[in-house]
Structure formats: structure tokens, C-alpha cells
Amino acid sequence: MPAQKNATGHLADLERDGFVVVRGIVSGQKLETLREASVKVEKLGRSGQWPHIRTVGKQFPPWTFSPEKGIWGVQHLMNPDLPGHEVFTRQYFSEEILSIARELLQCGDDELVMELFNMLVRPDVDFELRWHRDDIPAEATPEEEMERLGRPGFHAQYNLALWEDESLVVVPGSHRRPRTDSERNADPFEKVLPDQLVVALGPGDIAFYNNNILHRGVYDSKKDRVTLHGSVGHSGGGKLRARNVLQHGVGGYVDKVELFKLSHGERKRAEEMRARLVKLGSENAHVGYSLQG
């Protein structure tokens, strides 16, 4: 999936800016159903009744079970042990998501890979992530950055907002170049970088973004937030994608994800996507972690 010289539509926006927003991808009863299921899951995470959480104070995996620190995310929405998992599984494998993923990845159903589906929520105290690229360490030289940025990403990563969300901050175009001197020398929690943009989403809006765009998260404890955070892979990713995905522990439940409630066509596609993830795991057993902190 090299850059497309004559890309149009969503792909052109993604290649130019490093992100693309699609308005109103879900609405009406589907949005309400997702909201109801998500609120229940959020309560389980806050109360310590669901062990797979992102704890305040730690940005990257692995996270330990420390609900007393407060949470900013809930992991593994398709795990069948989680109440409401069937709602999230249907959404993850829906045509409305996968049609855009196919466009952005420039592939067919036979190359899609099941990856991650998690949830980002309001923390109990204000919490910010440092500026980062998901799969390139801050210590990387400009040459090392460009070596990685010059390769295909093999992913379609997204935030699907169930309520208004202005938490994602990006530097448009930074997925195509190394950091500038000012970006490299800035405090990791710098409030404002040149040309940064807050990605504003309304209920039902989705933002797909290159995970190696320079970005951060800013989470306001006074503003309710529930955003579904997922990714779909391309079978060409191999080891390049394995660490980004497998570091989140998806291998612990992937074989148990319940697909029987999907329509026949969706189920067949989902089963094949899962098989490609299992293959990815079997070929990349010890992946470690992309970033520390």
C-alpha cells in the first residue's frame, strides 16, 4: 500500500494531512445502543470490575490493574467476558467501518486483519499524553524517523466519538517528515506546537489517522467522554504491525471472540480477519513494547 499518486476522497485527505474525519458514521438507534453499552462498560472499569483498563499516570502498555489511580481507557471491548461485547463486535466488523478501512488501505476484504478495539473515557483528574508517534521512539534521529515514515503503515487507526470529543491534538502533515528542531526540542507536554490542530468530533463522527503522525491526547476530567478507539490492519504489515497490535494483549482472547451473531457475510469476513491476526501472532511471538512510559 504505497502512497497513491492520484489518491482521492478520504485517502487523499489521509495522505496529505495524516488524518481524515468522516461525519455521522453512526447515528440514531445504533448510536444510542453503543452509548448504552459503553456507559455500562465505563462503570465496570471505574469500579474495578473489569481488569483491563488504562490507568491515569501511564501512557503506554502494559498497564497494571490499579483502578484506584483512576482510568482513562477500557481495553478489549470484543472480549466475550465483557458485558456488551456483542454490541462492540458488531460495530468493529461493520461495513461502515471496514468500507473506509478498505479505501484507506487500498485493499479488499481478503487482506484485512482484525486488530484492536478499546475505549477512551474521561479521567477522574486532568490527564495529558506527551507528544509522540505510536511506533517511533522520541530518541529516534531524523534519519531513523524517515526510515520508518517512508514505509507503509499497514493500518487504519480510528477514534469513533459517541459524545463530543476534542481530545486528539495533531500536527497535520508530520507523518511525512521528521520532527522540526522546535518539535524535537519542545517539552514533551508542550501545550502548543506550531501548526497543531485539535481534531473536533461530534457524536457519531470518526477520525482515521496515521498513528505515526505527531500527536498527543488532552483529557479533561470535567467533560464527559466516551470514544471507541480501534484499528484495522493489512495483511502486508507482518512484523511491522505485530508489535503495535500484540503489545495490547489481544492474543489472550482473540480465539474466543463471538462472531455467530453477525450476518453470514460479515461472519465469514470476520473469521478470516481473525485468522490473519492469529497467524500474525504465531509468526511474531515476542514483540515487546513500542514505547515506554
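Valine 169 stands opposite arginine 216 in strand S10. Three bridges join strand S7 (residues 165–170) to strand S10 (residues 215–219), and the two run antiparallel. Two strands pair if DSSP finds at least two bridges between them. Helices (H or I, at least four residues) and strands (E, at least two) are DSSP runs, numbered from the N terminus. This is a predicted model, in which local features need pLDDT of at least 70 and side-chain atom pairs count only at pLDDT 80 or more, while totals for chains, interfaces and linings use all residues. Residues are numbered from 1 along each chain as its sequence is written, and side-chain values use heavy atoms, with hydrogens and water left out.

**The four-stranded sheet**

- S7 and S10 belong to an open sheet of four strands with the order S5-S10-S7-S8 and antiparallel pairing.
- Strand S5 (127–128) and strand S8 (197–201) are at the edges with a single partner strand each, so one side of each has no neighbour in the sheet.

**The seven-stranded sheet**

- Another open sheet has seven strands in the order S1-S9-S6-S11-S4-S3-S2, and its pairing is antiparallel.
- Its edges are strand S1 (19–22) and strand S2 (53–55); each has a single partner strand, so one side of each is left without a neighbour in the sheet.
- On average, neighbouring strands of this sheet are turned by 20° against each other, direction ignored; axes are lines fitted to C-alpha atoms, for helices over the stretch in contact, and angles run from 0 to 180 degrees between N-to-C directions.
- S3 and strand S4 (residues 112–121) run antiparallel and are joined by two bridges.
- Valine 74 has methionine 119 in S4 as its bridge partner.
- Helix H2 packs on the sheet and touches S2, S3, S4 and strand S11 (226–234), its direction making about 125° with that of S3; contact means heavy atoms within 4.5 Å.
- Helix H7 lies across S4, strand S6 (155–161) and S11, and runs at about 30° to S4.

**Helix pairs**

- Helix H2 (residues 28–47) packs against helix H3 (residues 85–92) at an angle of about 130°, with the axes 9 Å apart.
- H2 and H3 are therefore oblique to each other; angles under 35 degrees count as roughly parallel, over 145 as roughly antiparallel, 65 to 115 as roughly perpendicular and the rest as oblique.
- The contact is made by Lys30, Thr33, Leu34, Ala37, Ser38 and Val41 of H2 with Val87, Phe88 and Gln91 of H3.
- By class, the contact of H2 with H3 has five nonpolar, three polar and one charged residues; Ala, Val, Leu, Ile, Met, Phe, Trp, Tyr, Cys and Pro count as nonpolar, Asp, Glu, Lys and Arg as charged, and the others, Gly among them, as polar.
- The axes of helix H7 (residues 239–246) and helix H8 (residues 264–283) come within 10 Å and cross at roughly 100°, which makes H7 roughly perpendicular to H8.
- In this pair, Ala242, Val245 and Leu246 of H7 meet Leu277, Leu280 and Gly281 of H8.
- The residues of the contact of H7 with H8 are five nonpolar, one polar and no charged.

**Aromatic pairs**

- Rings of Phe, Tyr and Trp (its six-membered ring) pair if their centres lie within 6.5 Å; planes under 30 degrees apart count as stacked, over 60 as edge-to-face and the rest as tilted.
- By this rule there are seven aromatic pairs.
- Tryptophan 72 and phenylalanine 127 form a tilted pair, with 5.7 Å centre to centre and 50° between the planes.
- This pair links distant parts of the chain, with tryptophan 72 in strand S3 (residues 71–74) and phenylalanine 127 in strand S5, 55 residues apart.
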